[in-house]
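Q: I would like to go through this structure with you, a few residues and elements at a time. Shall we begin with the charged pairs?

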Amino acid sequence: MALLTFELPDGTTRRVDVVQVLNAGYAGRSQDDVAAHVAELAELGVPAPSVTPALYPVAPYLAQHTDQVSVQHGRTSGEAEWALVVDGDGELLLTAACDHTDRELEVHGVAWSKNAGPDVLARRAWRLADVQERLDALTLRAWVTHTGDVGQVGQVGYVGSREETIIQDGTLAELLTPGYWAEVLRERGDLVPGTVLISGTIPMAEGVDQFADRWRVELGDPATGDVIELAYDVVRMPAPIG
């Protein structure tokens with residue numbers, strides 16, 4: 001299990017004991033665009049889903065507030081998403097999330113790849129009811145940072161330039177709505193306290209290297225200027241022995 005704590009705009013907090021995490025996939029509002037994306041991924045060796053949109057259960061402990069994600073190799077990356085969280089009283093919260101995915105494992109099974117990295121969630125959230133009327137206008141953006149070469153100055157190590165580049169930039173109008181997924185969960189009997197649903201993502205910019213050293217995601221409300229943000233460093237673990 002995982003225990004998450006979210007701060008709401010009024011300064012109150014909600015503690016959520018996570019009992020299940022579900023990652024939506026191929027969840028674009030336009031299923032024609034989704035079909036084209038499935039075909040593109042198939043050319044890269046990623047198996048096509050049997051239905052779209054898809055829903056992948058992942059281990060509850062993978063829902064995390066964290067500033068660092070440890071990875072085994074250099075081909076992992078995040079995805080800017082929103083998360084629907086059912087709090088202890090059954091109220092629906094909306095926050096920013098980043099689904100960190102193992103791209104090497106993805107070609108063997110999308111569900112496997114989703115369980116190989118955490119779903120990083122922001123520490124702030126909105127009540128879904130408070131933004132329901134303007135959901136499509138909410139913005140979803142992600143930036144990646146690539147660290148330059150590591151060198152030495154005397155006995156002190158230094159890191160070269162760190163350049164942040166926007167890699168995803170869109171609105172929630174591009175994705176199936178929280179209301180759609182809440183109804184799916186209700187029909188499944190899964191709209192229960194402690195459920196976290198991750199939305200699926202928007203397209204990445206062409207020509208930007210997704211295999212980055214840092215990810216930052218923002219969920220923004222243009223009507224109020226409020227922004228929910230998360231960021232984390234991607235850290236390679238030592239090579240295994242044996």
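Q: Which side chain meets Arg-29 in a salt bridge?
A: In this predicted model, Arg-29 pairs with Asp-136, at 2.8 Å from N to O. The two belong to distant parts of the chain, 107 residues apart. Arg-29 sits in the loop between E3 and H1, and Asp-136 in the loop between H4 and E13.

Q: Are these two buried, partly exposed or exposed?
A: Arg-29 is partly exposed at 35% relative accessibility, and Asp-136 is partly exposed at 38%.

Q: How many salt bridges does the structure hold?
A: The structure holds 21 salt bridges. One of them joins Arg-127 and Asp-10 at 3.0 Å, N to O. That pair spans 117 residues, from strand E12 to the loop between strands E1 and E2. Arg-127 is buried at 18% relative accessible area, whereas Asp-10 is partly exposed at 47%.

Q: What about Glu-79 and Lys-114?
A: Their side chains form a salt bridge at 3.4 Å, N to O. Glu-79 is in the loop between strand E7 and E8, and Lys-114 is in helix H3, so the bridge ties together parts 35 residues apart in sequence. Glu-79 is buried at 10% relative accessibility, and Lys-114 is buried at 5%.

Q: Now Glu-81: how far away is the nearest side chain of opposite charge?
A: That side chain is Lys-114, 5.0 Å away. A salt bridge requires a nitrogen to oxygen distance within 4 Å, and Glu-81, although buried, has none.

Q: Then what does the side chain of Glu-81 reach?
A: The side chain reaches the backbone nitrogen of Gly-200 at 2.6 Å. Glu-81 itself lies in strand E8, residues 80-86. Beyond its sequence neighbours, Glu-81 touches several residues, among them Thr-95, Asp-99, Leu-140 and Ser-199.

Q: Changing topic, which residues of helix H5 are buried?
A: They are Pro-178, Trp-181, Ala-182, Val-184 and Leu-185. Viewed down the axis of H5, these residues fall within an arc of 160°, so they line one face of the helix.

Q: What covers them?
A: The cover includes strands E3, E4, E8, E9 and E17, together with helix H4. After H5 comes Gly-189, which has a positive phi near 80°.

Q: Where is Pro-53 found, and what does it touch?
A: Pro-53 is in the loop between helix H1 and E4. Its contacts include Gln-31, Leu-176, Tyr-180 and Trp-181.

Q: Last one: why is strand E18 described as largely enclosed?
A: Of the 8 residues in E18 (214-221), 7 are buried, so the rest of the structure largely encloses the strand.

Q: Which strands pair with E18, and in which sense?
A: E13 is joined to E18 by 7 bridges, in an antiparallel arrangement. E19 also pairs with E18 in the antiparallel sense, over 8 bridges. Arg-216 of E18 is the bridge partner of Trp-143 and stands opposite Ala-231 in E19.

Q: What lies between E18 and E19?
A: The two strands form a hairpin with 4 residues between them. Gly-225, in the turn, has a positive phi of about 80°.

Technical notes
Residues numbered from 1 in each chain as written. Predicted model: local features only at pLDDT ≥ 70, side-chain atom pairs only at ≥ 80, totals over all residues. Heavy atoms only, no water. Buried < 20%, exposed > 50% of the residue type's maximum accessible area, 1.4 Å probe, protein only. Lys, Arg positive; Asp, Glu negative; His and termini not counted. Polar contact = N/O pair within 3.5 Å; in protein donor to acceptor, adjacent residues only side chain to side chain. Contact = heavy atoms within 4.5 Å. Pairing = 2+ DSSP bridges. Arc of directions from axis to C-beta. Lists of a residue's contacts leave out its neighbours within four places in sequence.
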